[in-house]
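These are my notebook entries on a structure that I had not examined before. I set down what I looked up, entry by entry.

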Amino acid sequence: MERNVIFTPDAPWSPGGSSQAITYNGLLYVSDQLPIDPATGQMLPRPLNPSFGGGDQAVDAQMRQCLKNLNAICLAAGTDLSNAIKLTIYTPMLIQFAPVIDRVFREFFTEFPPARSMIGVNVLQGNALVQIDAIVPLV
């Protein structure tokens with residue numbers, strides 16, 4: 001079984017120098033994506049207000065950018081994020097952000113949503129509000 005590296009300029013470089021994704025045994029393993037706009041290389045803004053952690057609009061926008069980045073990598077590998085079998089979502093404020101994350105997740109995955117884990121963490125790189133990785137079959 002061959003292991004192949006996937007790269008696309010339509011998604012940001014992976015943090016820490018890892019590959020954007022690896023294909024192996026009919027699956028695409030996509031490294032966690034931050035809410036970075038690949039056109040500018042900049043992370044989407046996060047309003048600095050510790051009392052609400054950035055607000056629902058910031059979480060919504062960052063979640064959508066992460067999903068867009070994941071899908072760009074999937075397309076480069078010849079599949080689509082809608083085929084995902086597993087997503088792991090990391091956020092520093094799980095209780096506060098879960099409703100927004102759930103809503104965006106349901107809007108993106110309207111049929112047959114993948115298995116999903118949401119993990120609360122202390123902090124994400126760049127002070128992001130959301131970071132997501134995925135496992136997607138190659139179809």
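**Entry 1: glutamine 20**

I began with the side chain of glutamine 20, which reaches the backbone oxygen of proline 12 at 2.9 Å. The model I am reading is a predicted one. I located glutamine 20 in the loop between strand 1 (3-6) and strand 2 (21-24).

Is glutamine 20 buried or exposed? I noted a relative accessible area of 3%, so glutamine 20 is buried. I listed what glutamine 20 touches, leaving out residues up to four places away in sequence; among them are Ile6, Phe7, Thr8, Trp13, Tyr29, Val30 and Ile73.

**Entry 2: aromatic rings**

I next looked up the aromatic pairs, and the count comes to three. In one of them, the rings of phenylalanine 7 and tryptophan 13 have their centres 4.7 Å apart and their planes at 35°, so I recorded this pair as tilted. Phenylalanine 7 is partly exposed, with a relative accessible area of 41%, and tryptophan 13 is exposed, at 68%.

I then turned to phenylalanine 108 and phenylalanine 109, whose ring centres are 4.8 Å apart; their planes stand at 70°, so the pair is edge-to-face. Phenylalanine 108 counts as partly exposed at 33% relative accessibility, whereas phenylalanine 109 counts as buried at 4%.

Which residues form one aromatic cluster? I found Phe105, Phe108 and Phe109 in it. I also noted that arginine 116 lies over the face of phenylalanine 105, at 4.5 Å from the ring centre.

**Entry 3: the nonpolar core**

I looked up the largest nonpolar core, which has 30 residues. Those with the most contacts inside this core are Val30, Met63, Leu67, Leu81, Leu87, Val130 and Ile132. I listed the elements that give two or more residues to the core: strand 3 (27-33), helix 1 (55-76), strand 6 (86-91), helix 2 (94-108) and strand 8 (131-137). Helix 1 gives the most, with nine residues.

Leaving out residues up to four places away in sequence, methionine 63 touches Ile89, Ile101, Val104, Phe105, Val130 and Ile132.

How far apart are the end C-alpha atoms of helix 1? I found them 32 Å apart, and this agrees with the 32 Å that its 22 residues should span at 1.5 Å a residue. Just after helix 1, I noted that glycine 78 takes a positive phi of about 90°.

I placed aspartate 60 in helix 1. At 14% relative accessibility, aspartate 60 counts as buried, because the cut-off for that class is under 20%. I recorded a polar contact of 2.9 Å between the side chains of aspartate 60 and arginine 103. Setting aside residues up to four places away in sequence, I found that aspartate 60 touches Val100, Arg103 and Val104.

**Entry 4: leucine 28**

I found leucine 28 in strand 3, and it is buried, with a relative accessible area of 0%. Leaving aside neighbours within four places in sequence, I listed the contacts of leucine 28, including Ile6, Ile22, Ile73, Cys74, Ala134, Val136 and Leu138.

**Entry 5: two asparagines with positive phi**

Asparagine 25 has a positive phi of about 55° although it is not a glycine. I located asparagine 25 in the loop between strand 2 and strand 3, and with a relative accessible area of 52% it is exposed.

Asparagine 127, also not a glycine, has a positive phi of about 65°. I found asparagine 127 in the loop between strand 7 (115-120) and strand 8. Asparagine 127 counts as partly exposed, at 37% relative accessibility.

Conventions. Residues are numbered from 1 along each chain as its sequence is written. This is a predicted model: local features need pLDDT of at least 70, side-chain atom pairs count only at pLDDT 80 or more; totals for chains, interfaces and linings use all residues. Side-chain values use heavy atoms; hydrogens and water are left out. A nonpolar core is a set of buried Ala, Val, Leu, Ile, Met, Phe, Trp, Tyr and Cys residues joined through side-chain atoms within 4.5 Å. Buried means under 20% relative accessible area, exposed over 50%, partly exposed in between (1.4 Å probe, protein chains only). Helices (H or I, at least four residues) and strands (E, at least two) are DSSP runs, numbered from the N terminus. Contact means heavy atoms within 4.5 Å. A polar contact is a pair of N or O atoms within 3.5 Å; within protein, one must be able to donate a hydrogen and the other to accept it, and residues adjacent in sequence count only if both atoms are side-chain atoms. The expected span of a helix is 1.5 Å times one less than its number of residues. Rings of Phe, Tyr and Trp (its six-membered ring) pair if their centres lie within 6.5 Å; planes under 30 degrees apart count as stacked, over 60 as edge-to-face and the rest as tilted. A charge sits over a ring if NZ of Lys or CZ of Arg is within 6 Å of the ring centre and within 35 degrees of the ring normal.
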